[in-house]
Amino acid sequence: MREIEVDAFATLAEAGGADDRDPHPADIEQFGRWLRDGLLLVAADADDRAIAFISASIAGDVLHVDELDVARAWQRRGIGRLLMSQILTEAERRGLNGATLTTDRLAPFNAPFYMSIGFRILDAAELDARLAAILRTEIAHGLDPARRIAMVMEFPKV
C-alpha cells in the first residue's frame, strides 16, 4: 500500500499540489493501527493485488479520512468513490457525526471530487486545532500551503 501511496502522490505532484517531489508515505505501524481499528479498506484487482486503499481514524465524534490513494493505472474508474462511500457508511454505522479530511483545493481529483460527494471546504475560522495541526504537518512535508484545505461532511441527524 505504501507503493500505491507513492504512485498516487506522483499524480498530485504533476498537478502542482506538492512543492516537494518526495512523498512521505505512512509507516507500517500506522497501517497496523488503521487495520486494527477497522478503518483500512483495500481494493484489489482480479489477481488480488492491491490497487487502492482508504484509511481513516476517529477524532472525537467524526471520522478523519487520512488517505485515499488509487494507483495511477486504476484512477478515474470510480474506485476512490466506492472506497469513500464504504468508509463513510462505516462512520455512520459507528454513530459518528461526520467526516473530515485535508486535501488540495485545485486538483480536480481532490477538493472538487470531495465536494461532489457532499464535503464542504472549511474556512480558516472554522478550523479546529486538530485540522490546523494536520495542515501544518502537510505543509512541512512539502505540500503547497496556498493549496491545502480542510473539508467536512456532516451526517444527517437521525
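**Terms and values in a predicted model**

Colleague: In the hairpin of S2 and S3, which residue takes a positive phi?

Modeller: Gly60 does, with a phi near 70°, and the hairpin has two residues between its strands. This is a predicted model, in which local features need pLDDT of at least 70, side-chain atom pairs count only at pLDDT 80 or more, and totals for chains, interfaces and linings use all residues. Residues are numbered from 1 along each chain as its sequence is written, and side-chain values use heavy atoms, with hydrogens and water left out.

Colleague: How many helices and strands does the protein have, and what makes a stretch count as one?

Modeller: There are five helices and six strands.

Colleague: In which sense do S3 and strand S4 (residues 98–104) pair?

Modeller: S3 and S4 pair in the parallel sense, over four bridges. The chain goes from S3 to S4 through helix H3 (residues 79–93), a β-α-β crossover that is right-handed.

Colleague: What makes a crossover right-handed?

Modeller: With the strands pointing away from the viewer, the path from the first strand over the helix to the second runs clockwise.

Colleague: Why is one side of strand S1 (40–44) and of S5 left without a neighbour in the sheet?

Modeller: The six strands form an open sheet of mixed pairing, in the order S1-S2-S3-S4-S6-S5. S1 and S5 stand at its edges and have a single partner strand each, so one side of each lacks a neighbour in the sheet.

Colleague: Why is Ile149 called buried?

Modeller: Buried means under 20% relative accessible area, exposed means over 50%, and partly exposed lies in between, using a 1.4 Å probe and protein chains only. Ile149 has 4% relative accessibility, so it counts as buried. This residue belongs to strand S6. Among the residues that Ile149 touches, not counting those up to four places away in sequence, are Leu101, Ala111, Ile121 and Leu135; contact means heavy atoms within 4.5 Å.

Colleague: Is Glu138 buried or exposed?

Modeller: Glu138 has a relative accessible area of 16% and is therefore buried. It is found in helix H5 (residues 129–140).

Colleague: How confident is the predictor, and where is confidence lowest?

Modeller: The pLDDT is the predictor's confidence in each residue, from 0 to 100. Its mean for the protein is 87, and 85% of the residues reach 70 or more. Confidence is lowest in helix H1 (residues 2–14), at a mean of 68, and highest in strand S5 (residues 120–121), at 97. Where pLDDT is low, the predicted coordinates should not be read in detail.

Methods. Two strands pair if DSSP finds at least two bridges between them.
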